[in-house]
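This report describes a complex and takes one residue as its starting point. Please look over the sequence and the structure before reading on.

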Amino acid sequence: MADNKMLIKFFVASESIFFIMLILAYVNFKGTVVDGPTAESSLNPYVTGIFSLFLLASSFTIWLAGKSLRAKNHTMMKVWLLVTIVLGAIFIFGQGREWAGLIEQNITISRNVFGTTFFTLTGFHGFHVCVGLIMLSILLGLALFGDFKGPRSDGVEVISIYWHFVDGVWIVVYSVIYVWAFFL
Amino acid sequence: MSRRLPLVPENTEPLPSLKENQGMLAWVSSVDHKQIGLMYLMVTMVFFVVGGLEALLMRIQLSQPEFNFISPEVYNQLFTMHGTTMIFFVVMPFLIGVGVYLVPLMIGARDMAFPRLNALSFWLVVFGGILIYYSFLTQSGAPDMGWFAYSPLSEKPFSLNKGPTYWALGLLATGISSVASGLNNIVTILTMRTPGMTMRRIPLFVWMILVTSFLLIFVIPIIASAFAMMLLDRLLEATFFTPAHGGSAILWQHFFWGFGHPEVYILILPAFGIISEVIPVFSRKPIFGYEFVAGSTVAIGLLSLGVWAHHMFAVGLGDVTNLYFSLASMLIAIPTGVKVLNWVATMWGGKIIFATPMLFATAFIIEFVMGGITGVAIASVPIDWVVTDSYFIVAHFHYVLYGGSMFAIFAGVYYWFPKFTGRMMSETLGKWHFWLTIIGFNMTFFVQHFLGVMGMPRRIYTYQDFPYWGSMNLISTIGAVVLALSVLVFMWNVHVSRKRGKKAGNNPWDAWTLEWAAASPPAVHNFDLVPPVRGRRPLWDLAHPEQPDEPNAKVVD
């Protein structure tokens, strides 16, 4: 039996480097914008902060899903998986809303280095959230057909580790982009 | 060697053949680590020929001053594709492929931890290569900005053609493949070892693959993110690396070399592993200082992460930065020197058998040390300022990459070919190959040291008739032709020996690691029964129960 959890942990470590590079690019260009939009002039930390809470909450609910799995509570596991998906989807909706607002003001990836680094960093994070949502939906679909009766499932645990990682990345990204620009 | 060959019956497990059962489908759909490993080797052979032909065309163009054999535009495409091919589609996939083949056998496992992920890794390399080579068919031709793709050369408006886009996409695919095989190797080595095979007993080749895999998973993401940024620059007009729009060309250099320097250790560490397997077997002695070989590899892996800017001394990063990177780079010479000492000490007093694998391994030490010495020289800032981007650099990295990695690859092929196919490679052709390689290689690259010191820059498609430049370049070109001949001999040897070579038996070299306990070629399930492992040389212990390596070892069943 291959060690799936070990694989996902090293994968997450590898992915961390990828995000560190994107964050480094953002930090490298922060404060170098001579004209055009910046984080301070174009973002709203409160609205994004509220949507961030949904993503943070989803980390809690997937932990509850795992707990239900271990307790062999199949129904509650399905419920918590569904709640996790909904919370993640709300976060993505919030990000889409934010992006649409920026693009409406002609703040795009090609506008200046702020646009370039902001859209790349949040875009890659959003992409990872979407991948997570797809995997969670597959989990939920399989669970609805009767899989994952517990008490153990590598599938659920591995995707849960990935989901916590995506969450953790967002805490760093939010701190670097929003907290740094507005609260420091 | 031939006298000690036991007479063996024909292999009961024939090599998978295209004519049998499902034909090509049996290969395309395979998730068996041995088949995937062999496919890696075959694909790298194709790319090796292609990359070699590109080099040959360049050498012909440079054979005399102001020669008009190929146009400057084509020349730029050739050196870009030559470097990219040789690094990403020859040396890397070869070493990964031979690792995929051998690691499960060496640790007594049935397969890799994730066989399907393994197949994905392989096919991503193939498609990455096809993607990059497809750019030759586009109207504007292949990428032409050099293998390190410095911005703004790789950016619009300097590269309006699609070459760099194909390049970044293809390498992104290959990068994902490398991370996947790195992950696969790590989990395989950490969790699938047979009982008794502790981390202090795994063959050194496996140690090298392990350290390389850690480098892969932590270093490839650096360049993957840089490729993503470059693609965003080129496709969506982002401004990461375009100084005209507020971006930073230096940032690309940091990102690229942040990956690029550890990458050279990814290219050489598994080669060290091959050498560390071959030298003890052909010196008839256990490796000298196993712990030091493994430990110095870990040291190299860690140090390699902090030396990238020695590729950027000419950028003007400031004296303090240059000083740090210069000293840190020189430090790497210490763990590397430790290994050279270990290999030489292993040979010292041994009953050396100069079969072809050992010839290449011995030559490896000499040629690699040559490249290492020039490497320490150019780690010094003043010397680097004089010779940077000259043919001295070209000579240096060909000594470590061809004289190092490729020599080890040849040693490995001659050593494990009997395991791969059940047949020995021809020793006569092997010796022809070896001596032609030695002559051709040194003839091609040794004079390039002088050309570099005399000021000949790399990446120029022609040069004026300065004193000695023409004659030295001609020597180099003749050497390249000899080198090409040696590769032909090698390919002929592989072709002939695969069908008509002497039958090998399980353990033709009388070696000690577990892969030699399996049949040649190994059965689909590798081992009927994995021999007990009570030391670093399980087959030695098996053959000499009265004189085991670790007399007090606990028996694990």
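Why does B:Ser63 count as partly exposed? B:Ser63 has 18 C-beta neighbours inside 10 Å. A residue needs 20 or more such neighbours to be buried and 12 or fewer to be exposed, with partly exposed in between, so B:Ser63, with its 18, counts as partly exposed.

**The surroundings of B:Ser63**

The model is predicted. In chain B, the loop between α2 (33-61) and α3 (72-106) holds B:Ser63. Leaving aside residues up to four places away in sequence, B:Ser63 touches B:Asn473, B:Leu474 and B:Thr477. B:Tyr134 is 71 residues from B:Ser63 along the chain, and the C-alpha atoms of the two are separated by 29 Å.

**Confidence**

For the complex, the predictor gives an ipTM of 0.95 and a pTM of 0.94. Chain B has a mean pLDDT of 93, with 95% of its residues at 70 or more.

**Chain A**

Chain A has six helices and zero strands. Read from the N terminus, its elements follow the order α-α-α-α-α-α. The C-alpha trace of chain A spans about 55 × 30 × 25 Å along its principal axes. Of the 184 residues in chain A, 38% are buried. When contacts in chain A between residues at least 6 apart in sequence are considered, 84% of them join residues at least 24 apart.

**Where the chains meet**

Between the two chains, 26 residues of chain B are in contact with 23 residues of chain A. On the side of chain B that touches chain A, α5 (163-191), α6 (204-236) and α7 (249-283) of chain B each supply at least two residues. The largest share of that side comes from α6(B), with nine residues. The table divides the residues of the side of chain B that touches chain A by class.

| Class of residue | Residues on the side of chain B that touches chain A |
|---|---|
| Nonpolar | 19 residues |
| Polar | six residues |
| Charged | one residue |

Methods: Residues numbered from 1 in each chain as written. Chains lettered and ligands numbered in written order. Predicted model: local features only at pLDDT ≥ 70, side-chain atom pairs only at ≥ 80, totals over all residues. pLDDT = per-residue confidence, 0-100. Helix = DSSP H or I, 4+ residues; strand = E, 2+ residues; numbered from the N terminus. Contact = placed C-beta atoms within 7 Å. Nonpolar A, V, L, I, M, F, W, Y, C, P; charged D, E, K, R; others polar.
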